[in-house]
Amino acid sequence: MAWFKKTKKPIAAKAKEKASRVPEGLWVKCPDCAQAIYNKDLATNLNVCPKCAHHFRIGAAERLRTLFDGEWTEYDKDLMSTDPLSFTDTKPYKSRLKASIAATGLKDAIITASGTIDGIQTIVASMEYEFIGGSMGVVVGEKITRGIERAVDGNMPLVIVCCSGGARMMEGALSLMQMAKVCGALARLDQAGLPYVAVLTDPTTGGVTASFAMLGDLNIAEPKALIGFAGPRVIEQTIRQKLPEGFQRSEFLLEKGMIDLVIDRREMKTVIANALRFMGAVRKPAPVAVAGLLTTTSEPPLLPTLPQRS
Ligand SMILES: [Zn+2]
């Protein structure tokens, strides 16, 4: 006979986890409306279901393609984690890093780059979920911080596209201190009077939500993205209750005033460009051809009229 007995029934697990990444093959079944979509149609539609507007998760480089007008300049491409704690959970952290590098072709879970968004020279940091859940370790923190410093030095606005499970536990406190470091850098960007737009995509959770994801002058989310601090599964297990439908999704957070806008990926670039212009950013002058030589006119400062803060 058992001495102790659980009186509460454990909550039932979800029937099935829906795949959010675009699968391989010629045809893709939309996890939301179950329609078969031709793979190329999906690609031309920025990986949004043409029938029901389900947003498939996209990679960091793909994201930059959807935002920039054309080419971009990538920074700190070769920055890599050194596994400072020699951490091992079910596998050594070093082998997780190696596997993610091979799978994504990136050295860590973020790309920082500069390019033009509708003619506006901008620094964009884009997170890669396929790299250890887009987790924020020392490299992610450092690359974002350097990106912000570049924005301040170059008088450019900043866009960060968040897609992350939170801080990288394999780097312990070192990953947690990135939250403070990035926030400090964002404060300097604010003092310089430069705009910062945060784009929250599915999922944006943990330490990323608790730091830079919610600090934008404008916080824009993609439809139905999971945004929260602890995931719904953790909350359900803690309070032993089913959460309401749509909890921690973009639309729910918009209704509660946690974010400013929910924007379809296909309109994201236009909305960001308009917002940046509204906040004082100007287009880069178009190149002028002089006697067969391509030169640019002398560039005025990007934000010439912004008042200095006291
Ligand atoms: Zn669909």
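Student: Before we start, what should I know about the numbering and the model?
Tutor: Residues are numbered from 1 along each chain as its sequence is written, and in this predicted model local features need pLDDT of at least 70, side-chain atom pairs count only at pLDDT 80 or more, and totals for chains, interfaces and linings use all residues. Side-chain values use heavy atoms, with hydrogens and water left out.

Student: OK, which residues hold the zinc ion?
Tutor: The zinc ion is coordinated by the SG atoms of Cys-30, Cys-33, Cys-49 and Cys-52, at 2.2 to 2.3 Å, where donors are N, O and S atoms within 2.8 Å of the metal (3.2 Å for Na, K and Ca), and water is not among the atoms, so sites may look incomplete.

Student: And what geometry does the site of the zinc ion have?
Tutor: The site is tetrahedral, with angles of 107 to 112° among the 4 donor atoms; four donors count as tetrahedral if all angles lie between 85 and 135 degrees.

Student: What spacing do the donors follow along the chain?
Tutor: The spacing is C-x2-C-x15-C-x2-C. Cys-30 lies in the loop between strands E1 (27-29) and E2 (36-38), and Cys-52 in the loop between helices H1 (39-44) and H2 (60-67), so this pair ties together parts that are 22 residues apart in sequence. Helices (H or I, at least four residues) and strands (E, at least two) are DSSP runs, numbered from the N terminus.

Student: Switching to the sheet, what is the strand order?
Tutor: The open sheet of 7 strands runs E3-E4-E5-E6-E7-E8-E9 with mixed pairing, and two strands pair if DSSP finds at least two bridges between them. E3 (73-75) and E9 (261-262) stand at the edges with a single partner strand each, so one side of each is left without a neighbour in the sheet.

Student: How do H4 and H5 cross?
Tutor: The axes of H4 and H5 (residues 172-191) come within 9 Å and cross at roughly 10°, with axes being lines fitted to C-alpha atoms, for helices over the stretch in contact, and angles running from 0 to 180 degrees between N-to-C directions. That makes H4 roughly parallel to H5, the term for angles under 35 degrees.

Terms used. Parallel < 35°, antiparallel > 145°, perpendicular 65-115°, else oblique. Tetrahedral: all angles 85-135°; square planar, octahedral: opposite > 155°, others 65-115°.
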